Amino acid sequence: MSFSFSAHNEAKFAALLPRYPHPKSLVLPCLWMAQYQEGYISQEAMAYIAHKLDVPMAHLYGVATFYTMFHLEPIAKYHIQVCKTLSCELCGKDDILKAIEEETGLKAGESNALFKVSQVECLGACGGAPMLQLNEEYHENLSVQSTKALLQGLKS
Amino acid sequence: MSEMVSISVDGQKFQAKKGALLLPTLLEHGIMVPHFCYHEALGPDGNCRMCMVSIEGQKRPQIACDTPIKKDMVVSTKNESINDVKRKILELELLSHPVDCPICDQAGECSLQDYYMAFGLNESRRPKEEKKHKNKKLDIGKNIILDQERCVLCARCTRFTQEITKTNELAIIGRGNDARVSTLPNQGMQTPYAMNVIDLCPVGALTSKDFRFKQRVWFMHSAKSVCHGCAKGCNIFIDHNQEKYKSDTIFRYRPRINKEVNGHFICDEGRLSYKEENSNRLEQAYAHNKLISKENAIAYLLHALNTLHPLLIVSPSLSLEELTVIQLLSKHFKLEVHAYVQGYEDESFEDEWLRSKDRSANLASIKKLDIKTSEKSLKAALECTGLIINFNHFSFLNPSPHEQAMLLHKKEIHFSSHNFENCRHKKLLYPIASFSEHEGSLINEGGILQKYEAGLCNERENILSLVHELIATPSTAQGVWDAHLKEVFGFEYEAIGDEGRKI
Amino acid sequence: MIQKIVSKNFNIKDSHKLEVAKANGAYESIDKAFKLKPVDLEVEISKSGLRGKGGGGASAGAKWCLVSVTNEKSYLVVNADESEPGTFKDRQILEHDPHLLIEGIILTCYAIHAHDAYIYIRGEYVAFAKRLEEAIAEAYKDGIIGQNVKDFGYRVDITVHRGAGAYICGEKSALIESLEGNRGHPRLKPHEPSPEYFFGKPTLVNNVETIATVPFIIKEGADAYRAFGTEKSPGTLLFGLSGHINNPGIYEMAFGESMQAFIDTVGGGVKNGKKLKAVIPGGASTPVLTAKEVETARLDYESMREVGSALGTGGMIVMDEDTCMVSALKNLLSFYHHESCGQCTPCREGTAWVDGIVENILSHHSKLDDIDLLSDISKTMNGKTICVFAPAVAMVIDGFISRFKEEFEAYILQSKESVNV
């Protein structure tokens, strides 16, 4: 049940290591690689990274829980992250959330196997408000219709 | 760069080391500046913001733990504006703090309570329903209970496991006001020094499971003592209280600061050794498993000393004074004294910090008094006698097969602080005081002579008064020093300070 | 009104690709720069009056000097953590002209004797990080960066380092902590002017746009940059417009323009023909301005300070007459509550507390005292913390309360009535 980097991640790690003055800089890149590999950051992955970088496990745990984008448990296939900060709220983010609820049955903070709906802070797309981030993609200038169309496309 | 410069604090001028941190300098001068995250053993962290002071020339208040001393610095620790700052920051510390005082063991030695009484005394401006809730009474192992709600996130405990023990069991996880101290999932504290975090924690977030709900701290008296768990001689406080109808009982040991010996810390085993000290005490004298009066016991003892040529065995944990009078006793009756240290050696206990493989407290005194310690010499002496008189030596009170073999066919007289059932069958088993009940001094493995106070006031006879009864040696530690040890060491008993004296 | 110093290639098709970038002037400053001494570049930057474009507006030249003067092995860190609400300008450079950034990095590294540069990019900017990686790969392949920059014998290596969702990592010392593999906790500030330190080595942390401006200054000269803007705020900034505005977007302008003119002409005025009520001028952490104040406000650092606000990142959030200012404040306080790192007491507890109080005001569960309470907490959060996060929150609160107090009072009084009923 133990974790180790895939060949791809191992190669990435090897390429990154000499670019930094100290291996500890690789904590965030390694956490990202683990999350991409397993879909979330498991305890085993953290223990593996701790050992690889010669950093205490407690340190990894403290770092992984600090950053919003790291998930320590598996999440749904599609993570719908709706920006809730001021510009998006001014431009109708609540309508977008309502549309999402109508399409998925989920309110912000709720999740099922297919979708997880979260409200997140400013994504740096204020000019395209309201907007959401679907997994890693930005979807800006949303309307109720475009939001529903996007979700329908995922459901099929 | 230890140049001394003049600074002024609250109108008082004094000399201080240039470049040193302001906060410890103020504390050393008895100026109370509230603080959580600064600790002498850990240094500053700058996160609690409680130690703010006004410094002339700086428009904003500064944290004293991050301010270096400069020549002619003018500091104010209490003026209207800085008092307001302190009160407001304290208010924020208390904002989500649960009002657990009635059930929190920290009460009476809690920085939050102390600061609140000193300069808070305000009503809460936030409804209690809105307090942030976190996990409470988490058993994180090694006798430690974590209450995340009470925590002020000063990071002393995490820094302890990171920088001092380097075992990294604790971390701050989460972010913002959701941040909390935690162990790793499904793991707990492991370091043999874990319980030190209980002392480090300025509030009731980390408390002792062993001490939980046992005693309010203001009922306890603290005696300055020395742990007898090994030859390190870590300084401790014995916290004890005599409840109605009970004997004076020890409730806990706490570390006592000694920069030369143990710094600010003690090991868990030493800390919990109070249980042993407290319990299973011998109250009565026994001979052949029958109760015997003290008068008859002493009579028999004198008879034995005069006629039966016994071998005297001493525990290497007895005090220097006790060893001295027993040596005098042996000279008086022309008897031999042996220590036999093998039983007190434990290599597995040793580490690179505060745990010594020598589990006796005073071997260095044994050596100073030229008392023999080897098994070889003990065995040789045993051949010439049929009776041993054992002064609290653990290996003969609770002998392993090896020691049993040595004592085969020998009669035994034991002076013991604790009740060893098998010894009741022997010629004589006589109760004496344990170290927490009398004063004395020890020399640790680093050659530091340290005094310990009489702690408990249970009236038990100690070795000094016993031997005084026999041969009129001094009956107090002071007396032994005045009559004998002053000459040996070249200084008076009083000259051994609170932190001991290197010899 | 629109200028084209850093944004000149933004609308060119495939401007992020090396050949297109080169065809449009990329890397032309390199040849000139390496014929000069590093200190000459620093002097030129100082002369230009270039100010940091991450929100602080500190002198770039002075910051460079703190590093270069140490003569130690040093580092450059480019702050691409852009997370200030209302701010979306740096992403334009990353997306549309990454080679301009790389060019600026080479020049800056040379000036401060650094050979290794890290671009700390916020975790959410996945697409832009990819763009950067591609551009960097192209630059390596072309010998523009690497062991031997354009055959000038100087090594510059650039590494993209992704954050993972923490606004506080945009604070330069928290950024370095994060880059060192730690939680993003800002560091205690030194008592004398001092560079940042990355694993103990002097480090320059500069915003993306600041670095992207360097090629122009080196190529065209300090005076050419000073031809734009005002005396104390020379040059240009990628200003942003969002919220209730007809033409949201990023527009490069010289400092000193009229805010009202910007909103009306470039911005196309308030959406749906509504009247303007308020504008947050430079990203969430700048005090809000009333429509009246906007009328006479000018977009430079000094003018913004005079009117009781700050220029910040220049990301304007426009609010129309129907905007509930209490909700707007709640939105921002909820942001700060979520983003506080939690290290020091006034911020950790204060941000949660003020968020709760405004929530109570909004849900009609408060009293008039709460307005004074907000101001009181704001005083405790200002000037007593490790970093400027809490002071920013304090000033945001003060800005809203001082200018829109009646709206807060109205909410509170409404709740009084509902209690009486």
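The legends below describe close-up views of a predicted model.

In this predicted model, local features need pLDDT of at least 70, side-chain atom pairs count only at pLDDT 80 or more, and totals for chains, interfaces and linings use all residues. Residues are numbered from 1 along each chain as its sequence is written, and chains are lettered from A and ligands numbered from 1 in the order in which they are written.

**View 1. Chain B as a whole.** Chain B has 15 helices and 23 strands. Helices (H or I, at least four residues) and strands (E, at least two) are DSSP runs, numbered from the N terminus. The C-alpha trace of chain B spans about 85 × 50 × 40 Å along its principal axes. Of its 503 residues, 46% count as buried. A residue is buried if 20 or more other C-beta atoms lie within 10 Å of its own, exposed if 12 or fewer, and partly exposed in between, with C-beta atoms placed from the backbone. Among the contacts in chain B with a separation of 6 or more, 64% join residues 24 or more positions apart. Two residues are in contact if their C-beta atoms, placed from the backbone, lie within 7 Å.

View 2. Domain bounds come from an automatic or database domain assignment. Chain A is split into domain 1 (7-64) and domain 2 (78-155). The C-alpha centres of these two domains of chain A lie 30 Å apart. Chain C has domain 1 (18-226), domain 2 (236-320) and domain 3 (325-420). In chain C, the C-alpha centres of domain 1 and domain 3 are 36 Å apart. Their contact takes nine residues from domain 1 of chain C and seven residues from domain 3 of chain C. On the domain 1 side, the residues are six nonpolar, two polar and one charged. Ala, Val, Leu, Ile, Met, Phe, Trp, Tyr, Cys and Pro count as nonpolar, Asp, Glu, Lys and Arg as charged, and the others, Gly among them, as polar.

**View 3. Where chain A meets chain C.** This contact draws 35 residues from chain A and 46 residues from chain C. On the chain A side, α2 (27-38), α4 (57-64) and α5 (86-90) each supply at least two residues. The chain A side divides into 21 nonpolar, nine polar and five charged residues.

**View 4. An open sheet in chain C.** Strands of a sheet pair through backbone hydrogen bonds, either parallel or antiparallel. This sheet has five strands in the order β7-β6-β10-β8-β9 (chain C), with mixed pairing. β7 (249-254) and β9 (289-290) of chain C are the edge strands; each has a single partner strand, so one side of each is left without a neighbour in the sheet. Two strands pair if DSSP finds at least two bridges between them. β8 (residues 276-280) of chain C pairs with β9(C) in the antiparallel sense, over two bridges. C:Val279 stands opposite C:Leu289 in β9(C).

**View 5. Helices α3 and α6 of chain C.** Two packed helices are described by the angle between their axes and the distance between the axes. The axes of α3 (residues 38-48) of chain C and α6(C) come within 7 Å and cross at roughly 115°. That makes α3(C) roughly perpendicular to α6(C). Axes are lines fitted to C-alpha atoms, for helices over the stretch in contact, and angles run from 0 to 180 degrees between N-to-C directions. Angles under 35 degrees count as roughly parallel, over 145 as roughly antiparallel, 65 to 115 as roughly perpendicular and the rest as oblique. C:Pro38, C:Leu41 and C:Glu42 in α3(C) meet C:Leu107, C:Tyr110 and C:Ala111 in α6(C). The residues of this contact are five nonpolar, no polar and one charged.

**View 6. C:His99 and its surroundings.** C:His99 lies in helix α6 (residues 98-111) of chain C. C:His99 is buried, because 27 other C-beta atoms lie within 10 Å. Leaving aside neighbours within four places in sequence, C:His99 contacts C:Leu18, C:Ala21, C:Ala26, C:Ala135 and C:Ala139. C:Ser309 is 210 residues from C:His99 in sequence and 34 Å away in space, C-alpha to C-alpha.

**View 7. Backbone exceptions in loops.** Most residues other than glycine have a negative phi, and most peptide bonds are trans. The peptide bond from A:Ala129 to A:Pro130 is cis, with omega near -5°. A:Pro130 sits in the loop between β2 (115-120) and β3 (132-134) of chain A. A:Asn141 is not a glycine, yet has a positive phi of about 50°. A:Asn141 belongs to the loop between β4 (137-139) and α7 (144-155) of chain A. With 13 C-beta neighbours inside 10 Å, A:Asn141 is partly exposed. B:Lys166 also has a positive phi, near 55°. B:Lys166 is in the loop between α4 (156-164) and β8 (170-173) of chain B. B:Lys166 counts as exposed, because it has 10 C-beta neighbours inside 10 Å.
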